[in-house]
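Visitor: I have a chain open here and would like to go through it. Can you take questions as I look?

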Amino acid sequence: RESDHRAWTPVSYTVTRQNATIQGLIQGKAYFFRIAAENIIGMGPFTETTKEILIRDPITVPDRPEDLEVKAVTKNSVTLTWNPPKYNGGSDITMYVLESRLIGKDKFHKVTKEKMLDRKFTVEGLKEGDTYEYRVSACNIVGQGKPSFCTKPITCKDEIAPPTLDLDFRDKLIVRVGEAFSLTGRYSGKPAPKVTWLKDDIIVKEDDRTKIQTTPATLCLGILKSVREDTGKYCVTVENSTGSRKGFCQVNVVDRPSPPVGPVIFDEVFKDHMVVSWKPPLDDGGSEITNYIIEKKDTHKDLWMPVTSATVKTTCKIPKLLEGREYQIRIYAENLYGISDPLISDEMKAKDRFRVPDAPEQPIIKDVTKDSAVVVWNKPYDGGKPITNYIVEKKETMATRWVRVTKDPIFPGTKFKVPDLLEGCQYEFRVSAENEIGVGDPSPPSKPIFARDPIAKPSPPVNPEAVDKTKNSVDLSWQPPRHDGNGKIIGYLIEYQKVGDEEWKQANLTADSCPETNYKVTGLTEGLTYKFRVKAVNAAGESDPAHVPDPVEVKDRLEPPELILDANMAREQHVKAGDTLRLSAVIKGVPFPKVTWKKGDHEVSPKADIEVTGVGSKLEIRNTVHEDGGMYSLTVENPAGSKTVSVKVVVLDKPGPPRNLNISDVRSDSCYITWMEPEDDGGSVITNYVVERKDVASAQWVAISSSSKKRSHMAKYLMEGTQYLFRVAAENQYGRGPYVETLKPIKAIDPLHPPGPPKNLHHVDVDKTEVSLVWNRPDRDGGAEITGYLVEYQEDGADEWTKFQTVPMLDCVVTGL
């Protein structure tokens, strides 16, 4: 029957063999078949085929594969591809067999692995220079089909071709901000070249906006939503072992400019116009600024009025202003790609800026005589209008009224000789400037001067001498000059000269840097000999020099170290734990000694702060602990000798824990506790010990003694059968030290002893191999209930007793004798 029908159709009735040929079937249709046996009695049951059978031509091997091609050749491999056969023989292809033959040989050899269905294969492990030809066959369920046509002979050698590069972009590319751009091209080369993208000589990496796509033949760099920072010189390099090619493109991402840089400066302000200036934008958007747009606004109105939109200068005149009104200016920058955000100025009132001149600075007085003085000043700001006159006034120091020194104009000079002063009087002077607006404020008064003739130079200082020296300095001392030239001595100039040189050098640059009659000359060279001289200086000038009589050799003056101890460096220093320890001493010696602090034979603790000054040293330890105690020593040493002082430091603290805590003589209601004194008493005598106990089931410690001076205690009033822990601490005047505690609990029970011997042991029956024994209880049980009796026996004449067994009762039968 056909597979899609239910009715069965007979095909033969007289078949006596076990096979039959069924005619008249339709190709492409599927059928089921059944067969039954028949004898004279009748027909037996049918047997049916289990699955449908499709009617088609017989299956053959596949045709030959097509288009066998060589895709790549190197010095040791060949890559081939092919297409399937046009006809698979009526059955699916199960695998391909690729074969090769070395030119000059007769046989083909299989090169593919088992069950290969891919239609691409790389033959590896070949020998460079050998020549092969290849063929491929297809296999199906029937078997292997005909091989394909052979390839041309193929010689194993590397294919080499230098890179080529064909770009789709030009040398320059202009892109608007926010737009995307891509740089694309094609390339080739053997072996396959490596493609690298650079921007301004830095490798380009992919990110959210930057995409790089490279195929075996094409290359592409794409930028999404470009920003100004994407501007730069892009370079693509295509490189293999034979060479490289490069392509360049200057990408300019352009935008409108950033705002002009403020603030807006009002260079000139008048009642009807202003002149303003500003700075160009920090970013011109990648295109030069074509012009600035300037607008003005009366602050009482909301309307911005144009001033100009055609200037490339960064300054502009703002005309047609109303006097007294306040204005704001705003400025835009413009390039080919748009107009920037504006720069807005502060408010400025339109009014003339002219005023009277400023007050001159304090005038200086020169060339004083008994009846005149010269007043000198600097020109002040003229208020916007030229100065036409100066007014000079004088006043006696004790008077209150200022008087003009002349009615004549004083201009353009800035100094004036004031006549008609009274000898011995003290005067002050001031100056005012005048322009067409009016007279400005006067200057501050000058320093007071006395009207008297000039002073003379002083006489030389007296008795200069060298009073001290080190390896690089000399201390000089002298007495004031006998005559000061009628002027105050401002100070002294000190000079020195190396013996053998002609030039004198200044030790100080100005006289007022040495107002006293002594000076330390520094920066000298050790071992050299110098001459020194001193000059006195007053307002009239320098005196003649006074020389130190003898040259001075520069070297250290040796003085052995000397220690002047402070009160805290007594023989023994006590300090309470937690307080600050301070040890200090005054130190002398030339040169200044080297200072060393030690604790015992070791360096002092790092927590100690040590300070060394030019006159002494101090050691300070904050928050002292008991371990900071010990013998501290201070050593000072220089080439002239050394000196050491020591002080014992005791840090007073709580004592340490007691030692060797021991519990003995335990009873049902008491026990005996002993201990040894702490290793460390904290620097103070132990006043007492504190003893405490605790039931192991309780969290609370109970004091049983707090004033004992002895190192033992009888703990009484214990509860029989209870387990206890005990602890002990020592106390001194600075507090209670840490506790030492028993390691394990102590049970309050009377001590146990072995029981006494059983009494009246005798036998009550005897057999040939056993004895029956009885006895009475012992007189004493040792403080605990008797748990049993150990029975032993001994053969007469033997030394050893043999254990028989332990029995609970007062009788036993000993067997096995």
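Predicted model: local features only at pLDDT ≥ 70, side-chain atom pairs only at ≥ 80, totals over all residues.

Visitor: How many helices and strands?
Guide: The chain has 0 helices and 68 strands.

Visitor: What is the radius of gyration?
Guide: The chain has 61 Å, while a compact globule of 817 residues would be near 28 Å. The radius is taken over C-alpha atoms, and the globule rule is 2.2 Å times the number of residues to the power 0.38. The C-alpha trace spans about 180 × 130 × 75 Å along its principal axes.

Visitor: How much of the chain is buried?
Guide: 35% of the 817 residues count as buried, meaning under 20% relative accessible area with a 1.4 Å probe, protein chains only; exposed is over 50%, and partly exposed is in between.

Visitor: New topic: which strands make up the open sheet?
Guide: The order of its 5 strands is β13-β20-β19-β15-β16, with mixed pairing. β13 (172-176) and β16 (202-203) stand at the edges with a single partner strand each, so one side of each has no neighbour in the sheet. Two strands pair if DSSP finds at least two bridges between them.

Visitor: And how do β15 and β19 pair?
Guide: Strand β15 (residues 194-199) and strand β19 (residues 232-240) are antiparallel over 6 bridges. Trp-197 stands opposite Val-236 in β19.

Visitor: What joins β57 to β58?
Guide: A hairpin does, through 6 residues. Strand β57 (residues 688-695) and strand β58 (residues 702-708) run antiparallel, joined by 4 bridges. Glu-692 stands opposite Ala-703 in β58.

Visitor: Last one, Glu-99: buried or exposed?
Guide: Glu-99 counts as buried because its relative accessibility is 13%. The residue lies in strand β7 (residues 95-102).

Visitor: What is Glu-99 in contact with?
Guide: Leaving aside neighbours within four places in sequence, the contacts of Glu-99 include His-109, Lys-110, Glu-133 and Arg-135. Contact means heavy atoms within 4.5 Å.

Methods
Residues numbered from 1 in each chain as written. Heavy atoms only, no water. Helix = DSSP H or I, 4+ residues; strand = E, 2+ residues; numbered from the N terminus.
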